[in-house]
Amino acid sequence: MLFYNIVVMANDKDNQKKTGQINIELDEKVAEGIYSNLAIINHSVSEFVVDFVSIMPGIPKSKVKSRIILTPQHAKRLLKALGDNVARFENAHGEIKDYEQPPIPLNFGPTGQA
C-alpha cells in the first residue's frame, strides 16, 4: 500500500491563500496501472468523459479498460498539468516524436438501418 501526502494551495472566498493537506491511498492493484494506447474523449456541458482503450494490431475489436469522468474545470487542470509534465519530460529527455500512423477505424457496432 502506498500513501501520498500532498500539500494543496488554494484561494478562499476572500482570495486569501490557504494551504491544506490531502492523504491519498494507492493500493497495489491500482498501482499496477492499465496500459492504454488510445483515449476517446467526449464531453457535454457538465462533464468530460475519457475512455482508455488498448488496441492490439490485427485484432479488430477491443474494450474500454478504464473510464474517467471529469468536470470541465478539472479537465482544464488536467490539460495544463499534462502539458507541464510533457514539457519537463522533453527538457530532460528531448522532444517526443509524434509519428504518423494510419487512422484507427472506430467501429462501435453495426450501422443502423431504416
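Mentor: Helices (H or I, at least four residues) and strands (E, at least two) are DSSP runs, numbered from the N terminus. This is a predicted model: local features need pLDDT of at least 70, side-chain atom pairs count only at pLDDT 80 or more, and totals for chains, interfaces and linings use all residues. Residues are numbered from 1 along each chain as its sequence is written, and side-chain values use heavy atoms, with hydrogens and water left out.

Trainee: In what order do the elements run from the N terminus on?

Mentor: The order is β-β-α-β-β-β-α. That is two helices and five strands.

Trainee: OK, strands. How many bridges join β3 to β4?

Mentor: Six, and the two strands run antiparallel. Strands pair if DSSP finds at least two bridges between them. β3 covers residues 38-43, and it forms a hairpin with β4, with four residues between them.

Trainee: Which residue in β4 is the bridge partner of L38?

Mentor: V53.

Trainee: Next, S54. Where does S54 lie?

Mentor: In the loop between β4 (48-53) and β5 (64-70).

Trainee: Is S54 buried or exposed?

Mentor: S54 counts as buried because its relative accessibility is 12%. Buried means under 20% relative accessible area, exposed over 50%, partly exposed in between (1.4 Å probe, protein chains only).

Trainee: And what is S54 in contact with?

Mentor: Leaving aside neighbours within four places in sequence, S54 is in contact with Y35, N37, S62, K63 and K65. Contact means heavy atoms within 4.5 Å.

Trainee: What percentage of the protein's residues is buried?

Mentor: Buried residues make up 9% of the 114 residues.
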